[in-house]
Amino acid sequence: MRVLRETQFAGLTPAARGKVRDIYDLGDKLLIVATDRLSAFDIILPTPIPDKGRVLTQLSLFWFRLLEDAIPNHVLGATDFPPPFDKFKDELAGRSMVVRKTQPLPIECVVRGYVSGSGWKDYRTTGKICGIPLPTGLSESDRLPEPIFTPATKALSGHDENISFDRAASLVGKELAKKVRAVSLEIYSRAAAYAEQRGIILADTKFEFGLLHNELIWIDEALTPDSSRFWPAAHYSPRGPQASFDKQFVRDYLERMQWPKTPPGPELPPEVVEATRAKYREAYRILAGRELD
Ligand SMILES: Nc1ncnc2c1ncn2[C@@H]1O[C@H](COP(=O)(O)OP(=O)(O)O)[C@@H](O)[C@H]1O
Ligand SMILES: [Mg+2]
């Protein structure tokens, strides 16, 4: 299987290149190609991680299917690609999906079951997360009494900003905000219960939704290591940060070499690449219940 840092298809220009995905416009559909790019501290590193794109795509397909009775998703297919993309089947296979093109909602739908990351920061300074009052005395990585919906803006560059439910409602409308909150909490809870049985804590995750002919559709990626915090339950120890499931080797390496966290990112040594690749594959194996082939 080839490593892919960036798609280069002669004569074809992507509509967008995100941090991880290259997106081609097919009219009423999109071709979304998950590359092997890895970003750390919001900066894309020059070294790709073999298998990462396939893990993201196959794991997303797994969750979309598992949860399709809760909400329709954007997937149309992931094995056949329309001309002229059929010529590039070798590069696309396993890492790409043809999806319905929707109008993405301008919010990130984050659900948290644990206090971590920007949620912990928010709680430490305000005693709340996104304006939601919480019990006093919570520590970093503690489990919340119940999962909470903590939306964020979709920043075009850099860091997303946590917002209140009312602010989200002003961006998408109150009815729709209530609907995405309910569905986000439902799919988070089902996924978290599923993951917990397999020894993985789903601490939090980010969903995206889009509209098509007034229908609400789950888009983008689903419950991957890139969009979620996975913590091995066996090593869970609250009252402090948890090691990142997938990026711990990369982060440790970057801290050791004292990279200033400004572009350009440094190349990763082979042992860091291999360890990171193994973690992505492990996430797939544990959650999907089979080896990535
Ligand atoms: N079905 C869809 N319809 C419209 N836009 C989509 C759909 N699925 C995903 N997207 C958009 O495609 C992009 C995915 O590329 P990605 O590399 O994840 O970008 P980012 O750097 O913004 O995370 C996101 O901007 C996402 O909102
Ligand atoms: Mg993304």
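# Exercises on strands, helices and a buried valine

Strand S1 (residues 16–17) pairs with strand S2 (residues 21–25) in the antiparallel sense, over two bridges. Strands here are DSSP runs of E with at least two residues, helices are runs of H or I with at least four, and both are numbered from the N terminus; two strands pair if DSSP finds at least two bridges between them. The model is predicted, so local features need pLDDT of at least 70 and side-chain atom pairs count only at pLDDT 80 or more, while totals for chains, interfaces and linings use all residues. Residues are numbered from 1 along each chain as its sequence is written, and chains are lettered from A and ligands numbered from 1 in the order in which they are written.

**Exercise 1.** Trace the pairing from S1 through S2 to S3.

*Solution.* 
- Step 1: Ala16 has Ile23 in S2 as its bridge partner, and a hairpin of three residues joins S1 to S2.
- Step 2: S2 pairs with strand S3 (residues 29–34) in the antiparallel sense over five bridges.
- Step 3: On that side, Ile23 has Ile32 in S3 as its bridge partner, and Asp22 stands opposite Val33 in S3.
- Step 4: Three residues lie between S2 and S3 in their hairpin, and Gly27 in the turn has a positive phi of about 90 degrees.

**Exercise 2.** Give the strand order of the open sheet and find the strands at its edges.

*Solution.* 
- Step 1: The sheet has five strands in the order S1-S2-S3-S7-S6, with antiparallel pairing.
- Step 2: S1 and strand S6 (75–77) each have a single partner strand, so they stand at the edges and one side of each lacks a neighbour in the sheet.
- Step 3: Helix H1 (residues 52–66) lies across S3, S6 and strand S7 (96–100), at about 130 degrees to S3.

**Exercise 3.** Is Val110 buried or exposed, and which residues does Val110 touch?

*Solution.* 
- Step 1: Val110 lies in strand S9 (residues 107–114).
- Step 2: Val110 counts as buried because 25 C-beta neighbours lie inside 10 Å (buried: 20 or more other C-beta atoms within 10 Å; exposed: 12 or fewer; partly exposed: in between).
- Step 3: Not counting residues up to four places away in sequence, Val110 touches Thr150, Pro151, Ala152, Asp204 and Lys206.
- Step 4: Val110 and Ser228 are 118 residues apart in sequence and 9.2 Å apart in space, C-alpha to C-alpha.

Methods:
Two residues are in contact if their C-beta atoms, placed from the backbone, lie within 7 Å. Axes are lines fitted to C-alpha atoms, for helices over the stretch in contact, and angles run from 0 to 180 degrees between N-to-C directions.
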